Structures are given as C-alpha cells and as structure tokens.
Amino acid sequence: MKPDRTYELVIHAPPTSYLLKQAAGIQRGTMYPGREIAGKITLKHLYEIAAIKINDPPNALKSMEDMCREIIATARGCGIEIVK
C-alpha cells in the first residue's frame with residue numbers, strides 16, 4: 001500500500017492447466033500421464049493459450065517458443081495430447 005492509500009491490482013490469466021482442459025473439453029486430467037490420454041488439442045489451441053499466458057507479468061520476458069514449450073509440458077502432465 002502506498003502512502004496515499006492507493007494500491008496496484010494485477011489480475012492474471014487463469015492457470016495453464018485450466019485453459020488446456022477447457023480447450024480439450026474435459027473436466028479433469030488423467031491420473032496416469034503418459035499412459036492414458038484424457039483429451040486432445042490442436043496446435044492452434046496451443047498457440048492461442050500461449051498468446052494469453054505470455055501477457056502475464058511473470059512471463060513477460062519469455063519468447064513465444066519458450067511459452068509454447070512450457071504449455072506442452074503442462075499438457076503432458078495433464079494427459080492431453082497435442083495433434084496437428
């Protein structure tokens with residue numbers, strides 16, 4: 001809080017796993033990632049999620065390629081397959 005009692009509020013985008021599950025149309029990920037596939041998304045979905053998440057302040061210095069790699073790793077952990 002500042003001396004004049006004002007403050008700055010930063011609202012982030014939803015978590016990556018939430019956006020991935022919404023794009024795949026599933027309620028929850030798999031309990032066995034790597035062995036089961038809970039859902040599928042396309043590269044277009046991946047790019048759109050990366051465009052949303054790159055605007056968050058912690059991701060401001062990342063490149064789009066790094067952001068996509070991070071989202072791919074999260075998708076694997078949820079059991080979501082990325083198809084062309």
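**View 1. Lys53, a buried lysine in helix H2.** Lys53 is buried, at 8% relative accessible area (buried means under 20%, exposed over 50%, partly exposed in between, with a 1.4 Å probe and protein chains only). Lys53 sits in H2, residues 43-53; helices are DSSP runs of H or I with at least four residues, strands are E runs of at least two, and both are numbered from the N terminus. Leaving out residues up to four places away in sequence, Lys53 touches Ala13, Pro14, Pro15, Thr16, Leu19, Asn59 and Met67 (contact means heavy atoms within 4.5 Å). Keep in mind that this is a predicted model: local features need pLDDT of at least 70, side-chain atom pairs count only at pLDDT 80 or more, and totals for chains, interfaces and linings use all residues. Numbering runs from 1 along each chain as its sequence is written, and side-chain values use heavy atoms, with hydrogens and water left out.

**View 2. The buried side of helix H1.** Within H1 (residues 16-24), Thr16, Leu19, Leu20 and Ala24 are buried. They share one side of H1 because they cover an arc of only 130 degrees around the axis, taken from the directions from the helix axis to the C-beta atoms. The buried residues of H1 pack against strand S1 (39-42), H2, helix H3 (64-78) and strand S2 (80-83). Just after H1, Gly25 has a positive phi of about 75 degrees.

**View 3. Two cysteines, no bridge.** A search of the whole structure turns up zero disulfides (a disulfide is a pair of cysteine sulfur atoms within 2.5 Å). The closest cysteine sulfur to that of Cys68 belongs to Cys78, and at 16 Å it's too far for a bond. Cys68 is buried at 14% relative accessibility, and Cys78 is buried at 12%.
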